[in-house]
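Trainee: Could you walk me through this structure slowly? I am new to reading helices and sheets.
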Amino acid sequence: VTDILDGKALATSIRAGVAEAAQGLRSRGVVPTMVVVVATDEAATLSYVRSIVRAAAATAIEAVVVELGPDSSAADVAAALRTAAEDPGVHGVLLQTPLPVGVTPSEAALAIPVEKDIDGANPASLGRLSSGLPAFAPATAAAVMELLAAYQVPLSGRSAVVVGRSTVVGRPVAQLLLAADATVTVCHSKTTDLAAVTAAADIVVAAAGRPRLLGRAHIGSGAVVIDVGTNVDDFGQLVGDVDGEALDGLAGARSPVPGGVGPVTTAILLRNAVQAAQSAASTAGS
Ligand code: NAP
């Protein structure tokens, strides 16, 4: 039997805590506010941004969308981020990808102050995280850890393999697992014999963006598998990086797609926004 790590249920409980904290701030006259800077006209991205705004509203967080359009320049993006950075009424800043050609996400995100960097996009946030200093992790990476913690998956001393090394997911997940005392291996497109590496792991985090990359040969008996992948397959279906059905009865537990990491990611983004507002409020009050 393979246990399913239910991201929806976890997200619901995180959001309840967020709403309570946000109401608490509002009762003290602070409206927790996040700005989302968008520079694309991609329908899927715009719909995702609308879902963030709805989720924010449902947890008493104000989300302001700054739409720059797909033709904006690096200077336009920098200006929008700087405005949000300098506004004391803005607690969290999210730079939505994709960005126009010529605008590099991590370069642009240097303009987001780390205390407002609720999606851990500024390279300084990843540097701080890697150095054990307080910083927001990218929400997806934090969501992976939150799922593991919620299901009390032991990490200390266990072997964890992360498939993917992007600055958005793979690298920060690896850093967080390392900080939790796991023995961490990071795989990528140049890894030879991926299956041999992943099959030996106690915990596998799949973040390669390749539909059903990991099957039965890749997972050891009883391993815990977190599937970060969100891919559309040839039939237009949303699938993960893991062939979940192939793992039935083999893996100890796995997170599904959809309904795993995705909903937790949004909940964590909101939690980060409210935490940023709390920190700002306590700094202002002290
Ligand atoms: P990315 O920037 O494209 O990075 C993919 C990583 O996977 C790269 O490091 C790449 O290696 C590696 N990779 C690609 N093919 C591989 C293979 N065959 N074997 C081993 N490694 C391979 O993607 P990302 O932004 O990290 O996102 C990864 C996935 O997570 C995507 O499906 C994305 O949609 C999803 N995602 C989900 C959420 C969520 O909230 N659920 C959030 C963000 C991303 P190289 O470095 O060698 O190229």
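Mentor: Let us begin with terms: axes are lines fitted to C-alpha atoms, for helices over the stretch in contact, and angles run from 0 to 180 degrees between N-to-C directions. Helices (H or I, at least four residues) and strands (E, at least two) are DSSP runs, numbered from the N terminus. This is a predicted model, where local features need pLDDT of at least 70 and side-chain atom pairs count only at pLDDT 80 or more. Residues are numbered from 1 along each chain as its sequence is written.

Trainee: OK, so how do α1 and α10 cross?
Mentor: The axes of helix α1 (residues 7-27) and helix α10 (residues 261-285) cross at roughly 20° and come within 9 Å. That makes α1 roughly parallel to α10, a label given to angles under 35 degrees.

Trainee: Which residues of α1 and α10 make the contact?
Mentor: Counting heavy atoms within 4.5 Å as contact, those from α1 include Leu10, Ile14 and Val18, while α10 brings residues including Val264, Leu270 and Val274.

Trainee: Switching topic, what is the strand order in the open sheet?
Mentor: The order of its three strands is β3-β2-β4, with parallel pairing, and two strands pair if DSSP finds at least two bridges between them. The edge strands, β3 (62-67) and β4 (92-95), each pair on one side only.

Trainee: And how many bridges join β2 to β4?
Mentor: Four bridges join strand β2 (residues 33-38) to β4, and the two run parallel. If you look along that pairing, methionine 34 stands opposite glycine 92 in β4.

Note on methods
Side-chain values use heavy atoms; hydrogens and water are left out. Angles under 35 degrees count as roughly parallel, over 145 as roughly antiparallel, 65 to 115 as roughly perpendicular and the rest as oblique.
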